[in-house]
Amino acid sequence: MKTLSSLKVLVVEDEALVSMLVEDMLTDLGCTIIGPAAEIEEALRLAGSADIDAALLDVNLGGRPIFPVADALKARGVPFAFASGYGEAGLTEDHRGSTVLQKPFREADLRRVLEGLVAQLA
Amino acid sequence: MAVGAESEDREARDADGGARLLQLERELAAEIGKSDTLARVTEAIASSNDVDACVQIALDGARDISGAAYGAFFYNQTEPDGKSYALYRLSGAPPEAFADFPPVRKTPLFEPTFENTGVVRSDDITLDPLYGRNAPRAGMPHGHLPVRSYLAIPVATRQGEVLGGLLFGHPEPGRFTVRDETLLTGLGAQVAATIESIKLNADALAELDHRRKAEERLKFALDSGRMGSWDLDVATRTYEASDLCKANYGRRPEEPFTFADLVATIHPDDRPRIVAAIDSAIRDSADYDVEYRVIHPSGELRWLHARGRAAQTADDGGVRRLAGVSLDITERKRADERQKLLVNELNHRVKNSLATVQSIAAQTLRSTASPEFFREAFETRLIALSQTHDLLTRESWEGASLREVFDVELHAMASEDRVSFDYVSDVRLTPKAAVALGMGIHELATNAVKYGALSTPLGGVKVVWRVEQDVLRLTWTESGGPEVHPPARRGFGARLLERGLAAELSGGVELTYDASGLVCHMALPLRALEP
């Protein structure tokens, strides 16, 4: 089973300040950051081909929904969690039940979510 | 007896007989005349269609028949004291003849007429034992038309309701015969029947008019409320819909619209629920109050609200009809949806803002040495963020221009006078880009005020931008300040500009630590900036 310290996490977040916070948290947890991607095209490229273990996805990228990226990750079997100000209400029918990290969140919340994603990898 | 005398006698007899014959002929002619008049008047009374005309015809006709000088109809007007009678119509005298007199009172003389106990006929009313017994006038008031012969006939319905009285008079005594009394009594009955029929007719018309007006009011209320009305016969499933009700289902007024059409028009997902509600309303007399979607023949989807109630009119106590109204509530439903979206969006923005503030706090904490410095730096960043929010709120969160963002952030640092601008055209920014650039500009300005060109009285900043091939190229150039050295450790501002802002706006941001002053180059694609 992978530990968080060797985890490569794709970050998709379009707000600079929030992205910086998440990067800091992941760095503190010992993860390697892939991205961050602020645009859907870049996120899709990384989700499709980059070497990643897990992903943290902002639901709304400048008004465009993240779900195609989530679908690409699902197809590759990469576990992911949504980070959203909407909470679970912002998810489409297909993605209800996915892990959601409600913004704002603590580093401990992020750790718990990542540990959950790692458990899916095992 | 002499022949002459005999012949004289015969002549006298003949003359006598001729006179009698003449008299008989005259009486017969008069009788025929009266009968003709009676027939004509009766006919005219029966065919009159207002009370005034009916009474006038009767009075004029009665005078023709009886030779009365005057005729009057007194209307049975019930005063609070129950005794007065108002003059209604006159014949043979101008209305002025009665204008100055108070209403007729129910004296013993008039009582049989207005109590409907019988006809009063008098050859000389002034000799009647009942005449002149009443104070204060004791007889006809001064100036009254002269009356000796008197005939008074009650006008009453078959049910006994006294409508009034026909009163006739003549200045000479002995003018009214038994025959006159008989004929005029018949006329009185005809007047009563006609008035009754006119009143019944008028009542029926008023009732009809009342109903028509009520129906018009209801239709107006339904129309102005855009309410359609409908009525379902439970047994036959016959459905009747008003024009507006049909319109609610996308049908024109002339199009047929059956109950089956209605059910078919309801959105398939809502249909079972609505059919069940109708059944329940019929079976349990439950209130029918439902909202559902319909699909118009044009394919348009609309929302309707229908309310109704079962009417228990069957003899066996069962429900016979379900009737109610329907209203198109599509606009309200859309407003509800918009409201829901807005509340969700607001929640999203607030949560994102909180995450942003959390980030500012965390990173300010990392880069400050003491709580005092933290507080100062954190608060100014928070206020910088708030300034951009204020600017966007003024513009209904539709966006702001690049120059406006510079202005609010520089104003907050009291630095606007020391920064010069050079650009051809302003750039419109999305709210998101405005917030990001606002934070970036704040970091540049606060650094310049603390350590850079704006920390000395002579220094200044020049901001130049151009848009080339859909890319905004902006340069912030400081000069006239203290000599600049590259920092040993990259702080929050540098990280935000070079990493955060560059990533968020899909461009490049580069800080150059020239000895003569800090330079910041930005190259940002317009697609990431403009609304």
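A:Pro36 sits in strand 2 (residues 32-37) of chain A, where strands are DSSP runs of E of at least two residues and helices are runs of H or I of at least four, both numbered from the N terminus. Most peptide bonds are trans, and most residues other than glycine have a negative phi.

Over in chain B, B:Arg237 has a positive phi, near 60°, and belongs to the loop between strand 7 (227-233) and strand 8 (239-241) of chain B. B:Trp397 also has a positive phi, about 55°, in the loop between helix 10 (371-394) and strand 12 (400-401) of chain B.

As for the contact between the chains (C-beta atoms, placed from the backbone, within 7 Å), 24 residues come from chain B and 18 residues from chain A. Helix 9 of chain B supplies the largest share of the chain B side, 14 residues.

The predictor puts the ipTM of the complex at 0.91 and the pTM at 0.60. Chain B averages a pLDDT of 86, with 91% of the residues at 70 or above; pLDDT is the predictor's confidence in each residue, from 0 to 100.

Residues are numbered from 1 along each chain as its sequence is written, with chains lettered from A and ligands numbered from 1 in the order in which they are written. In this predicted model, local features need pLDDT of at least 70 and side-chain atom pairs count only at pLDDT 80 or more, while totals for chains, interfaces and linings use all residues.

Definitions and conventions
Contact = placed C-beta atoms within 7 Å.
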